[in-house]
Amino acid sequence: MSNQLQNKKQIQILVGDTNMSIVKVHGYKGVEIERIKNHRSPQHTETLMKEAAIDKVVEINDLEVPQDQIDEEVTTMVIELNHRLKYESLATGAYISLSQEDREDYLAQFNREAFKLVKTRLVIKAIINEEKFTLSKDELEAEAIAMAARQQTSVDEVKKFLGEDLEMLRSDLLIRKAIDFVYTHAVIT
């Protein structure tokens with residue numbers, strides 16, 4: 001029996017405000033992933049390894065993914081595609097149109113992508129909940145300082161954009177904590 005199954009940990013969270021279905025996630029501690037070698041940079045390699053770890057956890061968990069959330073993602077993707085096509089038409093001066101077959105192909109692709117996005121979001125939320133990840137004001141402040149340095153601006157400018165309490169960062173940082181947790185507990189072969 002693999003370490004993954006021995007360490008199987010089930011967690012439950014409520015999904016959405018009105019949807020009372022329970023999501024159970026297992027195998028996020030000790031997930032096995034293959035080492036990625038010879039990539040552009042160590043940082044890029046680490047990013048790919050983190051993605052592989054989360055993808056593996058998503059893959060091994062059979063969840064019921066709410067169709068309404070998938071539909072919302074697909075709608076967003078269709079809107080973005082339409083905007084991109086309009087922009088390309090304006091930029092090139094050529095009218096760009098999709099055939100019915102192309103539209104159906106895009107919709108099928110968008111449905112697959114949306115399913116994976118929503119499922120990944122549910123898995124990460126479950127991990128955040130189970131591990132009881134929180135963020136201190138100092139952690140939010142440290143991220144604001146790092147953002148200011150990356151953007152070559154002041155922390156005050158970052159706070160003007162994100163809000164003085166930096167709450168807009170909270171979700172992203174919790175997701176990052178969950179991904180880092182899965183990665184640091186992964187078995188790399």
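## Aromatic pairs

The predicted model holds three aromatic pairs. Rings of Phe, Tyr and Trp (its six-membered ring) pair if their centres lie within 6.5 Å; planes under 30 degrees apart count as stacked, over 60 as edge-to-face and the rest as tilted. Tyrosine 28 and phenylalanine 181 form a tilted pair, with ring centres 6.2 Å apart and planes at 50°. Tyrosine 28 sits in the loop between S2 and strand S3 (32–33), and phenylalanine 181 in helix H7, so the pair ties together parts 153 residues apart in sequence. Both tyrosine 28 and phenylalanine 181 are buried. Buried means under 20% relative accessible area, exposed over 50%, and partly exposed in between (1.4 Å probe, protein chains only). Ring pairs join Tyr28, Phe133 and Phe181 into a cluster.

Tyrosine 106 and phenylalanine 110 are also a tilted pair: 5.7 Å centre to centre, 45° between the planes. Both residues lie in helix H4, four residues apart, about one turn of the helix. Phenylalanine 110 is buried at 6% relative accessible area. Tyrosine 106, at 29% relative accessibility, is partly exposed.

## Basis of the model

This is a predicted model: local features need pLDDT of at least 70, side-chain atom pairs count only at pLDDT 80 or more, and totals for chains, interfaces and linings use all residues. Residues are numbered from 1 along each chain as its sequence is written, and side-chain values use heavy atoms, with hydrogens and water left out.

## Overall fold

The chain has seven helices and four strands. Helices (H or I, at least four residues) and strands (E, at least two) are DSSP runs, numbered from the N terminus. Along the sequence the pattern reads α-β-β-β-α-α-α-α-α-α-β.

Of the 189 residues, 32% count as buried. The chain exposes about 12,500 Å², and carbon and sulfur atoms supply 51% of that area. Accessible areas come from the Shrake-Rupley method with a 1.4 Å probe; for residues, only the protein chains shown count as cover. Contact means heavy atoms within 4.5 Å. Among contacts with a separation of 6 or more, 70% link residues 24 or more positions apart.

## Nonpolar core

The largest nonpolar core has 43 residues. Such a core is a set of buried Ala, Val, Leu, Ile, Met, Phe, Trp, Tyr and Cys residues joined through side-chain atoms within 4.5 Å. Residues with the most contacts inside this core include Val25, Tyr28, Val123, Phe133 and Val182. Elements giving two or more residues include strand S2 (22–25), helix H2 (42–60), helix H4 (100–131) and helix H7 (167–184). H4 gives the largest share, nine residues.

## Buried threonines

Threonine 120 lies in helix H4. At 16% relative accessibility, threonine 120 counts as buried. Its side chain reaches the backbone oxygen of lysine 116 at 2.7 Å. Not counting residues up to four places away in sequence, threonine 120 touches Ile54 and Val58.

Threonine 45 lies in helix H2. Threonine 45 is buried too, with a relative accessible area of 15%. Leaving out residues up to four places away in sequence, threonine 45 touches Ile36 and His39.

## Positive phi in two loops

Most residues other than glycine have a negative phi. Glutamine 152 has a positive phi, near 55°. Glutamine 152 lies in the loop between H5 and H6, and is exposed at 75% relative accessibility.

Leucine 166 also has a positive phi, near 60°. Leucine 166 lies in the loop between H6 and H7. At 0% relative accessibility, leucine 166 counts as buried.

Technical notes
A polar contact is a pair of N or O atoms within 3.5 Å; within protein, one must be able to donate a hydrogen and the other to accept it, and residues adjacent in sequence count only if both atoms are side-chain atoms.
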